[in-house]
Amino acid sequence: MTAVEAPPVGNVVGTRMRRKEDPSLLTGESRFVDDLVIPGALWLSMVRSPHAHARIKGIDASAAEALPGVRAVLTAADLADDWAAPMPCAWPVTADMKSPAHHPLAADKANYVGDIVAVVVAESRYQAADAADAVVVDYEPLPVVVDLEDALSDRVVIHEELGTNASYTWPLCPDPEAVERAFAAAAHTVKARYVQQRLIPDAMEPRGVAVVPSPHGGEVTFYSATQIPHILKVMLAVTMGIPEHKIRVIAPSVGGGFGSKLDVYAEELITLAVARRMGVPARWTETRTENAFATIQGRGQIQDIELAADADGKVSAVRVRLLADMGAYLQLVTPGIPLLGAFLYHGVYDIPNYDFSCTSVFTNLTPTDAYRGAGRPEATYAIERAMDTLAAQIGIGPDEIRRRNYIKADQFPYDSPAGLVFDSGDYEVNLDAALELAGYEDLRNEQKRRRDAGDPTQLGIGLVTYVEMCGLAPSRVLASLNYGAGGWESATVRLLPTGKVEVVTGATPHGQGHETSWSMIVADRLGVSPDDVEVLHSDTAISPLGLDTYGSRSLAVGGVAIELAAVQVLDKARSIAAHQMEAAEEDLEFVGGEFRVRGTPTKAMAIQAVAFAAFTAHDLPDGVEPNLTAQVTYDPPNFTFPFGTHISVVEVDTETGSVHLLRYIAVDDCGVQINPMIVEGQIHGGIVQGVAQALWEEASYDEDGNLRNPTMLDYIIPTAAEVPSFELGFTVTPSPTNPLGVKGIGEAGTIGSAPCVINAIVDALSPYGITDVKMPATPNRVWSLLQEARS
């Protein structure tokens with residue numbers, strides 16, 4: 001890997017410290033939900049509909065109930081009184097949004113393949129699975145809707161009580177007349193349609209849940225492979241009617257999520273209901289095949305985008321019409337996912353006129369919800385593909401069309417046409433760094449050589465500049481969007497009597513490296529070793545306040561809360577040290593973990609000594625409480641806006657249609673970096689997921705709503721063998737909205753990579769008159785386009 005690194009900004013922050021989490025993960029000492037040993041726990045297996053749309057005429061469980069080890073077979077009627085409310089949807093994006101009541105088990109009708117119709121409770125997981133196969137359900141198949149435009153036509157209305165398949169229409173157009181004038185005056189226009197295929201998140205660890213009720217009744221301990229233990233606790237209380245203070249939620253080691261574990265699932269509620277009903281622990285672990293259709297899916301959109309530009313290619317207006325697939329039901333934040341990109345269809349470009357509208361529809365497919373990037377990759381794809389099309393129409397390079405339209409560095413903070421305020425950016429410097437790292441001119445020369453020689457293996461060069469809205473906050477902005485929660489995050493920092501540090505965070509890691517990064521922030525601030533910092537998380541009894549991890553918010557919200565709490569501890573320690581050293585606070589400097597009197601270097605007091613003095617409380621300033629601890633709840637004033645330029649190089653075999661990703665160059669800007677090694681790891685994973693959407697991944701359904709590729713034999717997930725070593729570089733543009741100057745990086749790679757690769761493929765095929773390739777760009781799809789072009 002070639003890397004141009006960001007410089008260190010402190011003794012610890014900015015260095016390539018190895019992750020503290022990895023030894024236990026690599027040696028198998030970490031414990032995931034399925035690893036938990038829970039004596040006497042009963043196992044659950046779900047009976048799922050094999051039909052995408054069918055009435056449930058009857059359920060015969062007699063054969064299943066007669067099998068060894070089976071304790072019960074429960075249906076929607078059996079558990080009807082266990083629910084205090086339907087399953088939650090926390091984002092009613094419009095006042096008139098249509099949302100069908102969604103209960104954990106289907107009662108009268110199944111609405112997608114995988115909809116739960118019954119649950120088997122048995123003494124072992126294998127007995128439960130065998131018994132589930134023995135349950136006989138009498139179905140009456142109904143007409144199925146899988147196509148978005150068919151759904152919009154209401155040919156078949158899935159939820160009869162709603163009277164339509166349309167859930168909502170959400171517009172954003174500050175000045176419709178100005179948009180019309182811009183298109184009327186345009187010298188060039190682009191009109192394009194792009195399809196965001198459905199994706200299966202496929203986290204390394206499937207979902208799992210285990211519930212342990214108190215032997216005396218009342219309290220429950222709830223283990224879940226979730227990204228959101230704090231939010232889940234609130235939703236369990238509301239949905240199940242259990243007092244919130246009687247619920248403890250623990251997310252043990254969690255093997256990835258990518259947004260798919262940012263949800264409240266039927267299986268979690270069913271397992272809780274069974275444990276309470278039977279008075280013993282109950283558990284369920286998802287199988288890999290179940291994961292393909294029982295866990296939410298990502299993307300699922302049809303995007304119609306138009307650009308208006310003058311003769312030089314300066315874009316004056318963008319117009320977008322989005323048709324979004326909700327699936328059969330609205331999960332926790334399903335309706336809001338397309339709208340997370342609604343503000344970014346102008347991308348990094350200074351486009352004065354903006355017109356966006358999203359209509360969402362129900363289909364007989366697995367519900368959609370957050371998947372890495374959540375709305376932002378879709379928006380970036382549309383604007384970056386359209387910009388390449390505009391460049392080709394005008395006859396200039398993709399780099400030049402971007403230069404002519406970038407928001408300039410001196411325009412920040414930038415009031416966007418969609419109503420956001422971009423914090424900071426320098427897109428042209430970032431572009432130049434990427435072009436240099438790629439050797440862009442040499443690549444274009446090689447491309448010309450192959451074209452002139454008639455080489456059957458053509459070279460394509462794709463370029464993208466993206467911007468991301470992340471650090472999901474502030475709370476007042478989320479309120480304006482009807483989001484059901486805030487955007488704050490909580491942190492506690494305790495400097496213990498022996499000089500060690502405990503950090504309690506409401507941000508919940510599932511692979512991001514929070515323990516390492518939070519230790520580094522505190523170590524720099526308090527002058528201690530990162531090894532002396534313990535980070536506690538993911539247990540609502542230990543960390544009672546938090547809003548968890550998603551939307552690249554961990555560092556920009558949770559990490560800043562850690563910094564602010566550490567500053568409060570340091571300020572209190574300074575007051576105590578000044579008192580004990582008989583000096584004025586303003587005369588003290590803090591260097592290398594010691595308070596020193598300026599000009600008297602021999603007069604010093606280590607922060608560990610201050611911690612012990614605060615603990616004994618023998619000699620504290622008047623009005624100062626014992627102990628060094630601080631708790632902060634931080635609600636950011638704005639989102640943060642990381643950005644970057646990605647360049648991909650592909651070879652396309654024009655005889656077979658196969659695409660080979662030859663090189664991938666990414667120059668990202670996430671503000672100040674806490675740990676460059678973690679940043680690089682996040683970028684690597686993100687790039688692979690975006691490349692996978694461009695080249696391989698698609699949840700493919702037939703007309704009856706059956707998933708054609710539910711296993712990893714059929715659903716292609718890339719390995720290290722399918723991608724090159726990534727060439728990374730960085731620019732650093734600190735965010736002015738938080739004291740660390742940080743932004744976010746967890747989703748950046750995914751946001752830029754899909755359009756980058758498709759742009760490269762279209763570039764390679766442009767001599768044949770091919771202007772677009774649908775995702776995934778499979779060999780058959782590319783070959784078919786070439787055959788059509790040649791004929």
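Q: Which residue lies over the face of Y265, and at what distance from the ring centre?

A: R207 does, 3.7 Å from the centre of the Y265 ring. To count, Arg CZ or Lys NZ must be within 6 Å of the ring centre and within 35 degrees of the ring normal. R319 has its charged end over the F183 ring, 4.1 Å from the centre. By the way, this is a predicted model, where local features need pLDDT of at least 70, side-chain atom pairs need 80 or more, and totals for chains, interfaces and linings use all residues. Numbering starts from 1 along each chain as its sequence is written, and side-chain values use heavy atoms, leaving out hydrogens and water.

Q: How many aromatic pairs does the structure hold?

A: You describe a pair by the distance of the ring centres and the angle of the planes. There are 17 here (Phe, Tyr or six-membered Trp ring centres within 6.5 Å; stacked is under 30 degrees). One of them, F422 with F641, is stacked at 4.5 Å centre to centre, with 20° between the planes.

Q: Which parts does that pair tie together?

A: F422 is in strand β17 and F641 in the loop between β25 and β26, so the pair ties together parts 219 residues apart in sequence (strands are DSSP E runs of at least two residues, numbered from the N terminus). Ring pairs also link F422 and F641 into a cluster with Y349, Y406, F412, Y414, Y427, F639 and F643.

Q: Are F422 and F641 buried or exposed?

A: Both are buried (under 20% relative accessible area, 1.4 Å probe, protein chains only).

Notes:
Phe/Tyr/Trp six-rings, centres within 6.5 Å; stacked < 30°, edge-to-face > 60°. Helix = DSSP H or I, 4+ residues; strand = E, 2+ residues; numbered from the N terminus. Buried < 20%, exposed > 50% of the residue type's maximum accessible area, 1.4 Å probe, protein only.
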